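Hi,

Here is the structure I said I would pass on. Have a look at it first, and then read my notes below.

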Amino acid sequence: MTLLTTVFAAVICTAIWYKNAPDNKMNLGLLCWMFWGASLMWLVDAIFEYAELKAEYFTPAPADMLNDLFLGLSVIALAMVIWVVVLLIKDPKGIIKKALTKKNN
Amino acid sequence: MACFLVPTAEAAVVTVVTKIVEKKELKKVHVDGSVDEVVKDETEKIPFSRKLKWLTNLQWGGSLLLAFEHVWHGEVVPWFPFLSAMSDPADAAEMFHEMSTVGVTMALLTTTVWAGMLVVANVIEKRKVSDTESVTE
C-alpha cells in the first residue's frame, strides 16, 4: 500500500511537472525525485516480500493495509513539507525577499 | 531494518564525485597547462555533473522517505546506536543480511534506472545534433 501510494504521488507530480516544463519555478522536480526514488526502493522491498510470502503478499490483513496507507499518506505529507521548505528557502519568484524588504507605509 | 543505509552511502559517495566533476567542468585546461575559468558551458550537451545529480537526487530523496518509514516502524531510534537491531546480536546479523540483499538491490536498481536515463538522454542529445545538422544543410 505504501508503494502504491508513493507511485501514485510520483506519477501525479511528474505529470504536473511535465505540464509546466520547462518553467520549473515551483521546484516540482524535487518532489518527483523523492517520490520516484522511494517508489523504486519500496518496489525492491515488495519484490523481496513477494518472494517470501508468494500469493499471500496480495491478501494483507485489513489492519496492515490501513497502517500502510496511513504510512504512505504520512510519507507524502513529509515529502510535501520538505518541498515547501526548500521552495520558500530558494524563493525562485523572489516573493519572500520582496515581502521581507518591503517598507512599511 | 536498515536497508536504506546502502543507497544512502552510495548517494554520499556520488555527491562527493559530483562536486569534483563539477569543479573540473568549470575549469578549461589549455595545452600549455594554463587554466581558464569557464562561466557557463554554452553547448547543447548536458554536463556529466548534472547527470550525476539525477542519481543523487533519486537516492537522497528515496533514502530520506525510507528513513522515515524505518522511524515509523521503530527500527531507527533517536538514541545511540540509532538502530534498534544493534542492541541484539541476532537482530544485528539479520539487519546486515537485509542490508546486503535488499539494500544492495535498492542501490543497484536506482543506479540501473539512472543508467537507463543516461541512455535516453544520449539518444535525445544525438537527435538534437542531427536535427541541427539537417537544418544547416
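A word on the ring rule before anything else: rings of Phe, Tyr and Trp (its six-membered ring) pair if their centres lie within 6.5 Å, and planes under 30 degrees apart count as stacked, over 60 as edge-to-face and the rest as tilted. By that rule there are seven aromatic pairs over all chains. One of them is Y50(A) with F58(A): the ring centres are 5.5 Å apart and the planes sit at 55°, so this pair is tilted.

Some housekeeping: this is a predicted model, where local features need pLDDT of at least 70 and side-chain atom pairs count only at pLDDT 80 or more, while totals for chains, interfaces and linings use all residues. Residues are numbered from 1 along each chain as its sequence is written, chains are lettered from A and ligands numbered from 1 in the order in which they are written, and side-chain values use heavy atoms, with hydrogens and water left out.

For accessibility, buried means under 20% relative accessible area, exposed over 50% and partly exposed in between (1.4 Å probe, protein chains only). Y50(A) is partly exposed at 38%, and F58(A) is exposed at 59%. Ring pairs also bring in Y57(A), so that Y50(A), Y57(A) and F58(A) form a cluster.

In chain B, the rings of F48(B) and W114(B) have centres 6.5 Å apart and planes at 55°, so they are tilted too. This pair links distant parts of the chain, 66 residues apart: F48(B) is in helix α2 (residues 48-72) of chain B and W114(B) is in helix α3 (residues 89-136) of chain B. (Helices, H or I with at least four residues, and strands, E with at least two, are DSSP runs numbered from the N terminus.) F48(B) is partly exposed, with 39% relative accessibility, whereas W114(B) is buried at 11%.

Now the helices. Helix α2 (residues 28-53) of chain A has 26 residues and reaches 36 Å from its first C-alpha to its last, close to the 38 Å expected at 1.5 Å a residue (the expected span is 1.5 Å times one less than the number of residues). K54(A) follows α2(A) and lies in the loop between α2 and α3 of chain A. Its phi is near 60°, a positive value in a residue other than glycine, and K54(A) is partly exposed at 49% relative accessibility.

Where do α3(A) and α2(B) meet? N67(A), F70(A), L71(A), S74(A), V75(A), L78(A), A79(A) and I82(A) in α3(A) touch L64(B), L65(B), F68(B), E69(B) and W72(B) in α2(B), contact being heavy atoms within 4.5 Å. The axes of helix α3 (residues 62-90) of chain A and α2(B) come within 10 Å and cross at roughly 135°; axes are lines fitted to C-alpha atoms, for helices over the stretch in contact, and angles run from 0 to 180 degrees between N-to-C directions. That makes α3(A) oblique to α2(B) (under 35 degrees is roughly parallel, over 145 roughly antiparallel, 65 to 115 roughly perpendicular, the rest oblique).

Last, the loops. A cis peptide bond joins A21(A) and P22(A), with omega about 5°, and P22(A) is in the loop between α1 (2-20) and α2 of chain A. N27(A) is found in the loop between α1 and α2 of chain A; N27(A) has a positive phi near 55° and is buried at 14%. In chain B, the peptide bond from F80(B) to P81(B) is cis, with omega near 0°, and P81(B) lies in the loop between α2 and α3.

Cheers
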